[in-house]
Amino acid sequence: MDDDDLTARLKSYEGHPAAVAATGKDPVNVPMIRHWCEALGDTNPAYAGPDAVAPPTMLQAWTMGGLTGHTGRARAYDELLALLDESGCTSVVATDCEQEYLRPLRPGDEITFDTVIESVSARKTTKLGTGHFVTTRTDVRVGDTLVGTHRFRILKYAPARQEQPPSRPTRPRPVVNRDNAGFWEGVARHRLLIQRCTACAALRFPWLPGCAHCGHPDWDTVEASGEGTVYSYVVMHHPPFPAFDPPHAVVLVQLAEGVRMISNVVGTPYDKVRIGMPLRLEFRSYDSHDDELVLPVFRAAEEDA
(Lines give C-alpha, C1' and ligand atoms only; values in the text may rest on other atoms or scores of the structure.)
Protein backbone atom coordinates (compact mmCIF):
# COMPACT_ATOMS: atom_id res chain seq x y z
CA MET A 1 0.00 0.00 0.00
CA ASP A 2 1.48 3.35 -1.02
CA ASP A 3 1.32 6.46 1.16
CA ASP A 4 -1.69 7.93 -0.61
CA ASP A 5 -3.74 4.75 -0.24
CA LEU A 6 -2.73 4.37 3.39
CA THR A 7 -3.57 8.00 4.18
CA ALA A 8 -6.97 7.59 2.50
CA ARG A 9 -7.74 4.51 4.60
CA LEU A 10 -6.58 6.24 7.77
CA LYS A 11 -8.66 9.33 7.07
CA SER A 12 -11.74 7.17 6.53
CA TYR A 13 -11.76 6.73 10.32
CA GLU A 14 -12.20 10.45 10.93
CA GLY A 15 -15.52 11.10 12.63
CA HIS A 16 -15.83 7.52 13.91
CA PRO A 17 -16.39 7.03 17.65
CA ALA A 18 -13.60 5.82 19.90
CA ALA A 19 -15.80 5.63 23.03
CA VAL A 20 -19.58 5.97 23.37
CA ALA A 21 -21.41 6.87 26.58
CA ALA A 22 -18.45 5.90 28.71
CA THR A 23 -18.68 6.69 32.43
CA GLY A 24 -16.04 7.94 34.85
CA LYS A 25 -14.72 5.29 37.22
CA ASP A 26 -15.34 7.62 40.16
CA PRO A 27 -17.51 10.66 40.74
CA VAL A 28 -15.66 13.93 41.22
CA ASN A 29 -14.37 13.65 44.78
CA VAL A 30 -12.40 15.55 47.40
CA PRO A 31 -9.56 13.02 47.94
CA MET A 32 -8.57 13.04 44.25
CA ILE A 33 -8.74 16.84 44.21
CA ARG A 34 -6.52 16.99 47.29
CA HIS A 35 -3.97 14.55 45.87
CA TRP A 36 -3.85 16.49 42.60
CA CYS A 37 -3.30 19.81 44.39
CA GLU A 38 -0.64 18.36 46.67
CA ALA A 39 1.23 16.83 43.72
CA LEU A 40 1.21 20.13 41.80
CA GLY A 41 1.66 22.41 44.80
CA ASP A 42 -1.60 24.23 43.99
CA THR A 43 -2.89 26.00 47.10
CA ASN A 44 -5.80 27.85 45.47
CA PRO A 45 -8.53 28.05 48.15
CA ALA A 46 -11.18 27.38 45.49
CA TYR A 47 -10.12 23.71 45.53
CA ALA A 48 -10.70 23.15 49.28
CA GLY A 49 -13.51 23.56 51.78
CA PRO A 50 -17.25 22.89 51.60
CA ASP A 51 -17.70 24.79 48.32
CA ALA A 52 -14.67 23.28 46.59
CA VAL A 53 -14.51 22.85 42.84
CA ALA A 54 -12.11 20.60 40.95
CA PRO A 55 -9.11 22.21 39.22
CA PRO A 56 -10.08 22.57 35.56
CA THR A 57 -6.90 20.83 34.41
CA MET A 58 -8.12 17.64 36.12
CA LEU A 59 -10.65 17.23 33.30
CA GLN A 60 -8.92 14.21 31.78
CA ALA A 61 -8.33 12.58 35.18
CA TRP A 62 -12.06 11.94 35.62
CA THR A 63 -12.22 10.10 32.27
CA MET A 64 -9.26 7.75 32.74
CA GLY A 65 -10.07 4.05 32.69
CA GLY A 66 -7.12 2.72 34.65
CA LEU A 67 -5.66 -0.71 33.90
CA THR A 68 -9.03 -2.30 33.14
CA GLY A 69 -10.23 0.33 30.68
CA HIS A 70 -13.77 1.56 30.08
CA THR A 71 -16.98 0.04 28.89
CA GLY A 72 -18.29 1.80 25.82
CA ARG A 73 -14.98 1.62 23.96
CA ALA A 74 -15.62 1.49 20.18
CA ARG A 75 -13.78 -0.72 17.70
CA ALA A 76 -12.82 2.04 15.29
CA TYR A 77 -9.93 3.38 17.36
CA ASP A 78 -8.40 -0.08 17.85
CA GLU A 79 -8.77 -0.78 14.12
CA LEU A 80 -7.08 2.50 13.29
CA LEU A 81 -4.12 1.74 15.56
CA ALA A 82 -3.87 -1.79 14.17
CA LEU A 83 -3.72 -0.40 10.62
CA LEU A 84 -0.91 1.92 11.67
CA ASP A 85 0.93 -1.00 13.28
CA GLU A 86 0.62 -3.00 10.04
CA SER A 87 2.12 -0.08 8.10
CA GLY A 88 5.20 -0.16 10.35
CA CYS A 89 4.14 2.63 12.72
CA THR A 90 4.55 0.47 15.79
CA SER A 91 5.71 3.14 18.26
CA VAL A 92 3.61 5.82 19.92
CA VAL A 93 4.27 9.03 21.78
CA ALA A 94 1.81 11.56 23.18
CA THR A 95 2.48 15.00 21.70
CA ASP A 96 0.00 17.51 23.13
CA CYS A 97 -3.49 18.11 24.46
CA GLU A 98 -5.98 20.98 24.33
CA GLN A 99 -8.77 21.49 26.86
CA GLU A 100 -11.83 23.75 26.96
CA TYR A 101 -13.68 24.30 30.23
CA LEU A 102 -17.37 25.20 30.16
CA ARG A 103 -18.32 24.90 33.81
CA PRO A 104 -16.53 23.88 37.02
CA LEU A 105 -16.78 20.29 38.24
CA ARG A 106 -17.85 19.79 41.86
CA PRO A 107 -17.58 16.85 44.26
CA GLY A 108 -20.40 14.43 43.56
CA ASP A 109 -20.62 15.13 39.82
CA GLU A 110 -20.99 11.90 37.80
CA ILE A 111 -19.03 12.03 34.56
CA THR A 112 -20.00 10.59 31.18
CA PHE A 113 -18.10 11.16 27.96
CA ASP A 114 -17.96 10.39 24.26
CA THR A 115 -14.73 10.28 22.27
CA VAL A 116 -14.44 10.68 18.52
CA ILE A 117 -11.50 10.30 16.12
CA GLU A 118 -11.27 13.91 15.01
CA SER A 119 -8.37 13.82 12.56
CA VAL A 120 -5.55 11.69 11.16
CA SER A 121 -2.68 13.52 9.46
CA ALA A 122 -0.85 12.63 6.29
CA ARG A 123 2.55 11.01 6.82
CA LYS A 124 4.91 13.33 8.67
CA THR A 125 8.65 13.08 9.24
CA THR A 126 9.95 13.82 12.74
CA LYS A 127 13.20 13.25 14.54
CA LEU A 128 11.69 10.13 16.11
CA GLY A 129 10.67 8.74 12.73
CA THR A 130 7.91 9.00 10.13
CA GLY A 131 4.27 8.49 11.07
CA HIS A 132 0.82 9.97 11.49
CA PHE A 133 -0.66 12.29 14.09
CA VAL A 134 -3.98 11.02 15.45
CA THR A 135 -6.23 13.46 17.31
CA THR A 136 -9.21 12.41 19.41
CA ARG A 137 -11.80 14.74 20.93
CA THR A 138 -13.54 13.84 24.17
CA ASP A 139 -16.73 15.65 25.21
CA VAL A 140 -17.25 15.45 28.98
CA ARG A 141 -20.75 15.78 30.42
CA VAL A 142 -22.54 15.84 33.74
CA GLY A 143 -26.04 14.67 32.95
CA ASP A 144 -26.96 16.39 29.70
CA THR A 145 -24.64 19.36 30.31
CA LEU A 146 -21.38 19.62 28.37
CA VAL A 147 -18.78 20.67 30.95
CA GLY A 148 -15.56 20.43 28.96
CA THR A 149 -13.77 19.20 25.86
CA HIS A 150 -10.43 17.42 25.75
CA ARG A 151 -8.39 16.98 22.56
CA PHE A 152 -5.52 14.50 22.80
CA ARG A 153 -2.94 14.00 20.07
CA ILE A 154 -0.49 11.14 19.59
CA LEU A 155 2.14 10.32 16.99
CA LYS A 156 2.11 6.73 15.76
CA TYR A 157 5.44 6.34 13.99
CA ALA A 158 7.99 3.97 12.55
CA PRO A 159 11.20 4.51 14.54
CA ALA A 160 13.99 6.13 12.56
CA ARG A 161 16.92 3.86 11.83
CA GLN A 162 19.67 4.28 14.34
CA GLU A 163 23.11 5.05 13.04
CA GLN A 164 25.79 2.47 13.62
CA PRO A 165 26.99 2.85 17.19
CA PRO A 166 30.38 4.51 17.46
CA SER A 167 33.38 2.66 18.79
CA ARG A 168 33.34 2.08 22.51
CA PRO A 169 33.77 5.47 24.21
CA THR A 170 36.59 6.08 26.58
CA ARG A 171 36.10 6.28 30.32
CA PRO A 172 34.88 9.74 31.36
CA ARG A 173 37.38 11.79 33.34
CA PRO A 174 36.56 12.92 36.87
CA VAL A 175 36.05 16.61 37.53
CA VAL A 176 39.22 17.94 39.13
CA ASN A 177 39.11 21.30 40.91
CA ARG A 178 41.17 23.20 43.48
CA ASP A 179 39.42 21.40 46.36
CA ASN A 180 40.13 17.84 45.22
CA ALA A 181 43.26 18.19 43.07
CA GLY A 182 45.45 16.77 45.85
CA PHE A 183 43.37 13.61 45.99
CA TRP A 184 43.76 12.95 42.26
CA GLU A 185 47.47 13.74 42.38
CA GLY A 186 47.77 11.05 45.06
CA VAL A 187 45.76 8.56 42.95
CA ALA A 188 48.11 9.16 40.02
CA ARG A 189 50.94 8.04 42.38
CA HIS A 190 48.86 5.04 43.54
CA ARG A 191 48.18 6.56 46.95
CA LEU A 192 44.66 6.95 48.41
CA LEU A 193 44.82 10.11 50.50
CA ILE A 194 42.24 11.13 53.10
CA GLN A 195 41.98 14.67 54.42
CA ARG A 196 42.53 15.22 58.15
CA CYS A 197 41.60 18.38 60.02
CA THR A 198 44.68 19.81 61.79
CA ALA A 199 42.49 21.25 64.56
CA CYS A 200 40.25 18.33 65.60
CA ALA A 201 41.88 15.46 63.65
CA ALA A 202 38.57 14.47 62.03
CA LEU A 203 38.99 12.58 58.77
CA ARG A 204 36.84 13.54 55.82
CA PHE A 205 35.99 12.12 52.43
CA PRO A 206 35.28 13.29 49.81
CA TRP A 207 37.69 16.20 50.03
CA LEU A 208 36.22 19.50 51.22
CA PRO A 209 37.62 23.03 51.69
CA GLY A 210 36.90 23.00 55.43
CA CYS A 211 36.16 20.67 58.34
CA ALA A 212 32.50 19.69 58.70
CA HIS A 213 33.00 19.07 62.43
CA CYS A 214 34.73 22.20 63.67
CA GLY A 215 34.86 24.45 60.59
CA HIS A 216 38.65 24.75 60.65
CA PRO A 217 40.08 25.47 57.17
CA ASP A 218 43.52 23.83 57.59
CA TRP A 219 44.19 20.17 56.92
CA ASP A 220 46.79 17.57 56.10
CA THR A 221 46.43 14.03 54.75
CA VAL A 222 46.79 10.43 55.84
CA GLU A 223 47.26 7.56 53.43
CA ALA A 224 44.56 4.89 53.52
CA SER A 225 45.69 1.34 54.23
CA GLY A 226 43.59 0.07 51.34
CA GLU A 227 41.43 -2.20 53.48
CA GLY A 228 37.67 -1.81 53.52
CA THR A 229 34.27 -3.51 53.37
CA VAL A 230 31.11 -3.14 51.30
CA TYR A 231 28.89 -0.80 53.30
CA SER A 232 26.14 -0.65 50.66
CA TYR A 233 25.72 -1.06 46.91
CA VAL A 234 23.31 -0.74 44.01
CA VAL A 235 23.27 -2.63 40.73
CA MET A 236 22.91 -0.38 37.70
CA HIS A 237 20.81 -1.91 34.91
CA HIS A 238 19.39 1.19 33.22
CA PRO A 239 20.04 3.64 31.76
CA PRO A 240 23.24 2.41 30.12
CA PHE A 241 26.19 4.81 30.29
CA PRO A 242 28.92 5.02 27.66
CA ALA A 243 32.07 3.08 28.57
CA PHE A 244 30.22 0.92 31.12
CA ASP A 245 28.70 -2.52 30.56
CA PRO A 246 25.48 -2.93 32.56
CA PRO A 247 24.59 -4.49 34.83
CA HIS A 248 27.39 -3.44 37.18
CA ALA A 249 27.63 -2.80 40.90
CA VAL A 250 28.26 0.68 42.30
CA VAL A 251 29.65 0.21 45.80
CA LEU A 252 29.86 2.40 48.88
CA VAL A 253 33.09 1.27 50.54
CA GLN A 254 33.68 1.63 54.28
CA LEU A 255 37.43 2.23 54.58
CA ALA A 256 39.28 0.88 57.61
CA GLU A 257 39.99 4.52 58.60
CA GLY A 258 36.23 5.14 59.07
CA VAL A 259 35.33 7.21 56.01
CA ARG A 260 33.34 5.97 53.01
CA MET A 261 33.88 6.34 49.29
CA ILE A 262 32.07 5.26 46.13
CA SER A 263 33.89 2.91 43.77
CA ASN A 264 33.61 -0.34 41.83
CA VAL A 265 34.42 -3.90 42.78
CA VAL A 266 36.46 -5.61 40.06
CA GLY A 267 36.89 -9.33 39.58
CA THR A 268 33.56 -10.16 41.26
CA PRO A 269 30.27 -10.53 39.33
CA TYR A 270 27.71 -7.87 40.23
CA ASP A 271 25.33 -10.49 41.67
CA LYS A 272 28.01 -11.81 44.03
CA VAL A 273 28.67 -8.48 45.75
CA ARG A 274 27.44 -8.54 49.34
CA ILE A 275 27.24 -6.06 52.22
CA GLY A 276 30.12 -6.67 54.63
CA MET A 277 32.36 -8.22 51.93
CA PRO A 278 36.03 -7.48 52.76
CA LEU A 279 37.77 -5.47 50.07
CA ARG A 280 41.28 -4.51 49.11
CA LEU A 281 42.27 -1.38 47.19
CA GLU A 282 43.98 -1.50 43.83
CA PHE A 283 44.65 1.09 41.16
CA ARG A 284 43.62 0.53 37.56
CA SER A 285 44.54 2.37 34.39
CA TYR A 286 41.90 3.21 31.78
CA ASP A 287 42.09 4.87 28.41
CA SER A 288 40.53 8.32 28.68
CA HIS A 289 40.58 10.71 25.75
CA ASP A 290 44.21 11.38 24.89
CA ASP A 291 45.92 10.05 28.01
CA GLU A 292 45.80 7.37 30.68
CA LEU A 293 43.38 7.62 33.61
CA VAL A 294 44.18 5.98 36.95
CA LEU A 295 41.24 5.18 39.24
CA PRO A 296 41.03 3.61 42.70
CA VAL A 297 38.92 0.42 42.59
CA PHE A 298 38.47 -2.51 44.95
CA ARG A 299 38.78 -6.27 44.75
CA ALA A 300 37.33 -8.87 47.07
CA ALA A 301 39.98 -9.52 49.73
CA GLU A 302 39.61 -13.31 49.61
CA GLU A 303 40.19 -13.23 45.84
CA ASP A 304 43.24 -11.02 46.39
CA ALA A 305 44.56 -13.51 48.91
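Predicted model: local features only at pLDDT ≥ 70, side-chain atom pairs only at ≥ 80, totals over all residues.
Helix 3 spans residues 75–86. The helix has 12 residues and reaches 16 Å from its first C-alpha to its last. That span is close to the 16 Å expected at 1.5 Å a residue. Six positions in helix 3 are buried: Ala 76, Tyr 77, Leu 80, Leu 81, Leu 83 and Leu 84. These residues lie on the same side of helix 3, because they cover an arc of only 155 degrees around the axis. An α-helix has 3.6 residues a turn, so residues three or four places apart point the same way. Arg 75 and Glu 86, on the other side of helix 3, are exposed.

The buried residues of helix 3 pack against several elements. Helix 1 (3–11) is one of them. The others are strand 1 (17–23), strand 3 (111–120), strand 5 (129–142) and strand 6 (145–159). Gly 88 follows helix 3. The phi of Gly 88 is positive, near 100 degrees.

The cysteines were examined next. A disulfide is a covalent bond between the sulfur atoms of two cysteines. A search of the whole structure finds 0 disulfides. For Cys 37, the closest cysteine sulfur is in Cys 97, 18 Å away, and therefore too far for a bond. Cys 37 counts as buried, at 8% relative accessibility. Cys 211 is also in no disulfide. Its nearest cysteine sulfur, that of Cys 200, is 3.7 Å away, whereas a disulfide requires sulfur atoms within 2.5 Å. Cys 211 is buried, with a relative accessible area of 6%.

Note on methods: Residues numbered from 1 in each chain as written. Heavy atoms only, no water. Helix = DSSP H or I, 4+ residues; strand = E, 2+ residues; numbered from the N terminus. Expected span 1.5 Å × (residues − 1). Buried < 20%, exposed > 50% of the residue type's maximum accessible area, 1.4 Å probe, protein only. Arc of directions from axis to C-beta. Contact = heavy atoms within 4.5 Å.
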